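Hi,

Here is the structure I promised to pass on. Have a look at it first, and my notes follow below.

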Amino acid sequence: LQYRPGRPTLQELAAGFVEADDFSYIELFNRSAAELDLRGVRFVEGVRFDFSDSPVQSLAAGARVLVAENADALRLRVGEQVAIAGDWAGGLDGDGESLHLIDHTGQTIHRFAYDVIAPWPELSESEGASIEVRDTESDYNAAANWAASRAGGSPGQDSTPAGDLNGD
């Protein structure tokens, strides 16, 4: 979850991407052993995005996909090899909010809130770290289940969080 991305680089500014928020994203990971059908899967709170309207209609086992504030800006930053489903409507709140992802029947896949106040990971706006779930089987609402990434995050790939919740 990248809600406080780093400032645009000179290359990004030259391409017309002047807002750090242009590089915000949510990353979904298929931890199962089977391909997931994403048709009808959608974010309905926090941001709004429907995979039915996306070029990404399924997610292979072990694969990742990003949903973005600005897919073109994010593609410039992370490269063409990272799957980006498209742009959401709305925006991630840099001060925390609730996100709700549902399936094609309206059943909740994930519903959680993130925050920026301790014990949540402290992020520097200038460094552009994201927050990452430590345990996908645990409570997404628990601050202890999230860790700050290394600067820039690691969209589209496995990563190791920068440290514990205090940045140690």
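Two rings of Phe, Tyr or Trp are taken as an aromatic pair here if their centres lie within 6.5 Å. Please keep in mind that this is a predicted model. With that cut-off, a search of the whole structure gives seven aromatic pairs.

One of them joins phenylalanine 112 and tryptophan 146: the ring centres are 5.5 Å apart and the planes stand at 35 degrees, so this pair is tilted. Phenylalanine 112 belongs to strand 10 and tryptophan 146 to strand 12 (residues 146-148), so the contact ties together parts that are 34 residues apart in sequence. Tryptophan 146 also pairs with tryptophan 120, again in a tilted arrangement, with 6.1 Å centre to centre and 40 degrees between the planes. Since tryptophan 120 sits in the loop between strand 10 and strand 11 (131-133), this second pair ties together parts 26 residues apart in sequence. Tryptophan 120 counts as buried at 9% relative accessibility, and tryptophan 146 is buried at 3%. Ring pairs link Phe112, Trp120, Tyr140 and Trp146 into a cluster.

The charged end of arginine 64 sits over the ring of phenylalanine 29, 4.2 Å from its centre, and that of arginine 77 sits over the ring of phenylalanine 23, at 3.8 Å from the centre.

Best wishes

Terms used
Residues numbered from 1 in each chain as written. Predicted model: local features only at pLDDT ≥ 70, side-chain atom pairs only at ≥ 80, totals over all residues. Heavy atoms only, no water. Phe/Tyr/Trp six-rings, centres within 6.5 Å; stacked < 30°, edge-to-face > 60°. Helix = DSSP H or I, 4+ residues; strand = E, 2+ residues; numbered from the N terminus. Buried < 20%, exposed > 50% of the residue type's maximum accessible area, 1.4 Å probe, protein only. Lys NZ or Arg CZ within 6 Å of the ring centre and 35° of its normal.
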